[in-house]
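Visitor: Can you walk me through this model? I'll ask as we go.

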Amino acid sequence: MKTIKVSVVTPDGPVYESDVEMVSTKAESGELGILPGHIPMVAPLQIGAVRLKTQGKTDLVAVNGGFVEVRPDKVTILAQSAEQADEIDVDRAVRAKERAEKRLNDQKRESVDFKRAELALQRALNRINVSDKHF
């Protein structure tokens with residue numbers, strides 16, 4: 001089966017590089033399924049999982065926003081942060097989730113930035129969900 005080269009890159013460097021048969025991810029405009037030979041495009045990504053399928057197995061990478069650039073022979077995902085499922089520190093993600101929930105529930109404090117707390121909660125839940133699907 002044909003493959004397409006995929007690179008997931010953060011400001012700290014590459015997180016994932018491989019040839020895969022299909023890439024699935026969530027863009028701001030909806031779910032994307034990318035196969036070799038896909039039409040060129042650029043799209044902003046939501047916080048979510050990137051599913052990379054090859055030879056009957058699926059690798060998962062948790063991405064926290066960013067952009068996907070698609071060319072017929074290559075997919076590049078530029079993310080603010082990203083982690084492969086097997087590298088996620090689940091305890092740390094659970095603690096981040098609890099902190100974000102506490103901030104969101106603390107309505108008495110006017111200094112709480114609710115948008116920032118909601119994004120922190122989404123990032124933590126994404127990391128937990130991606131690590132759960134890995135096992």
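Guide: Start with Val75, which is found in strand β7. Strands here are DSSP E runs of at least two residues, helices are H or I runs of at least four, and both are numbered from the N terminus. The model is predicted, so local features need pLDDT of at least 70 and side-chain atom pairs count only at pLDDT 80 or more, while totals for chains, interfaces and linings use all residues. Residues are numbered from 1 along each chain as its sequence is written, and side-chain values use heavy atoms, with hydrogens and water left out.

Visitor: Val75, buried or exposed?

Guide: Val75 counts as buried, at 0% relative accessibility. Buried means under 20% relative accessible area, exposed over 50%, and partly exposed in between, with a 1.4 Å probe and protein chains only.

Visitor: What does Val75 touch?

Guide: Leaving out residues up to four places away in sequence, Val75 touches Ile4, Lys5, Val6, Ser7, Val23, Ile34, Val68, Glu69 and Val70. Contact means heavy atoms within 4.5 Å.

Visitor: And what separates the C-alpha atoms of Val75 and Val8?

Guide: 8.4 Å, with the two residues 67 apart along the chain. Val8 has its own contacts beyond four places in sequence: Pro14, Val15, Tyr16, Val61, Val63, Ile77 and Ala82.

Visitor: How many residues are in the largest nonpolar core?

Guide: The largest nonpolar core has 22 residues. A core is a set of buried Ala, Val, Leu, Ile, Met, Phe, Trp, Tyr and Cys residues joined through side-chain atoms within 4.5 Å. Val6, Val8, Val61, Val63, Val68, Val75 and Ile77 have the most contacts inside this core. β1 (4-10), β2 (13-20), β3, β4, β5, β6 and β7 (74-78) each supply at least two of its residues. There is also a second, separate core of six residues, including Ala49, Leu60, Ala62 and Ile88.

Visitor: Strand pairing next. Which strands does β3 pair with?

Guide: Strand β3 (residues 22-27) pairs with β5 in the antiparallel sense, over four bridges. β3 also pairs with β4 (residues 30-34), antiparallel over five bridges. Pairing needs at least two DSSP bridges between the strands.

Visitor: Which residues are the bridge partners?

Guide: Ala27 has Leu45 as its bridge partner in β5. Thr25 has Leu32 as its partner in β4. β3 and β4 form a hairpin, with two residues between them.

Visitor: Zoom out. What is the overall pattern along the sequence?

Guide: The chain reads β-β-β-β-β-β-β-β-α-α. That comes to two helices and eight strands. Of its 135 residues, 41% count as buried.

Visitor: And the domains, where are they?

Guide: The domain assignment gives domain 1 (4-84) and domain 2 (90-132). Such bounds come from an automatic or database assignment. Their centres, taken over C-alpha atoms, are 24 Å apart. The contact takes nine residues from domain 1 and six from domain 2.

Visitor: How much area do they bury between them?

Guide: About 620 Å², 63% of it on carbon and sulfur atoms. Buried area is the accessible area (1.4 Å probe) that two parts lose on being put together, summed over both.
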